[in-house]
Amino acid sequence: QAQLVESGGGLVQAGGSLRLSCTASGRTFISYAMGWARQAPGKEREFVAKISWRGATYYADSVKGRFTASRDNAKNTVYLQMNSLKPEDTAVYYCAQGTGATITSDYNYWGQGTQVTVSS
């Protein structure tokens with residue numbers, strides 16, 4: 001059973017940056033893809049970034065060029081660097097771990113979420 005703990009959320013002005021971190025335990029971290037999803041009030045949860053076991057990435061069109069996912073397999077940690085933040089990026093951000101190594105995996109393990117609020 002995987003345990004995922006996110007950190008790094010907070011309040012930032014539009015145009016600013018934040019870096020989210022997610023540390024995983026309970027499974028062999030390097031073997032699995034990781035993802036970042038977000039859920040804004042009244043909206044469905046959506047993936048914004050995914051990263052495979054060896055670093056291949058996927059980004060949603062809404063964050064492409066602004067967000068960067070990375071992973072440190074030695075630290076069992078995945079990161080989401082968020083630059084040029086917009087008010088519409090305001091959401092609870094969740095870390096997820098895949099059932100397989102590639103970004104097309106299902107994601108069955110979720111963290112508790114961390115709030116990101118971008119003020120205009």
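## Basis of the model

Because the model is predicted, local features need pLDDT of at least 70 and side-chain atom pairs count only at pLDDT 80 or more, while totals for chains, interfaces and linings use all residues. Residues are numbered from 1 along each chain as its sequence is written, and side-chain values use heavy atoms, with hydrogens and water left out.

## Overall fold

The chain has 11 strands and zero helices, where helices (H or I, at least four residues) and strands (E, at least two) are DSSP runs numbered from the N terminus. Read in sequence order, the pattern is therefore β-β-β-β-β-β-β-β-β-β-β. The chain is as compact as a globular protein of its length, because its radius of gyration of 13 Å is close to the 14 Å that the globule rule gives for 120 residues; the radius is taken over C-alpha atoms, and the rule is 2.2 Å times the number of residues to the power 0.38. Along the principal axes, the C-alpha atoms fill a box of roughly 40 × 25 × 25 Å.

Of the 120 residues in the chain, 45% are buried, a term that means under 20% relative accessible area, with exposed meaning over 50% and partly exposed in between (1.4 Å probe, protein chains only). Among the contacts (heavy atoms within 4.5 Å) with a separation of 6 or more, 58% join residues 24 or more positions apart.

## Surface and charge

The accessible surface of the chain comes to about 6,000 Å², and carbon and sulfur atoms account for 47% of this area, as computed by the Shrake-Rupley method with a 1.4 Å probe, for which only the protein chains shown count as cover for residues. There are 12 positive and 8 negative side chains, and the centres of the two sets lie 5 Å apart. Lys and Arg count as positive and Asp and Glu as negative, whereas His and the chain ends are not counted; the place of a charge is NZ of Lys, CZ of Arg, CG of Asp or CD of Glu.

## Strand pairing

Two strands are said to pair if DSSP finds at least two bridges between them. Strand E3 (residues 18-25) runs antiparallel to strand E1 (residues 3-7), to which five bridges join it, and Ser 7 has Ser 21 in E3 as its bridge partner. E3 also pairs in the antiparallel sense with strand E8 (residues 77-82), over six bridges, and here Leu 20 stands opposite Leu 80.

Strand E11 (residues 114-119) pairs in the parallel sense with strand E2 (residues 10-13) over four bridges, and in the antiparallel sense with strand E9 (residues 91-98) over three bridges. Val 12 stands opposite Val 118 in E11, and Val 92 stands opposite Gln 115. The covered face of E11 consists of Thr 114, Val 116 and Val 118, while Gln 115, Thr 117 and Ser 119 form the uncovered one.

## Two residues in their surroundings

Arg 71, which lies in strand E7 (residues 67-72), counts as buried at 15% relative accessibility. Leaving aside neighbours within four places in sequence, the contacts of Arg 71 include Phe 29, Tyr 32, Met 34, Trp 53 and Val 78. Arg 71 and Leu 4 are 67 residues apart in sequence, and their C-alpha atoms are 14 Å apart in space.

Val 5 belongs to strand E1 and, not counting residues up to four places away in sequence, touches Ser 21, Cys 22, Thr 23 and Gln 112.
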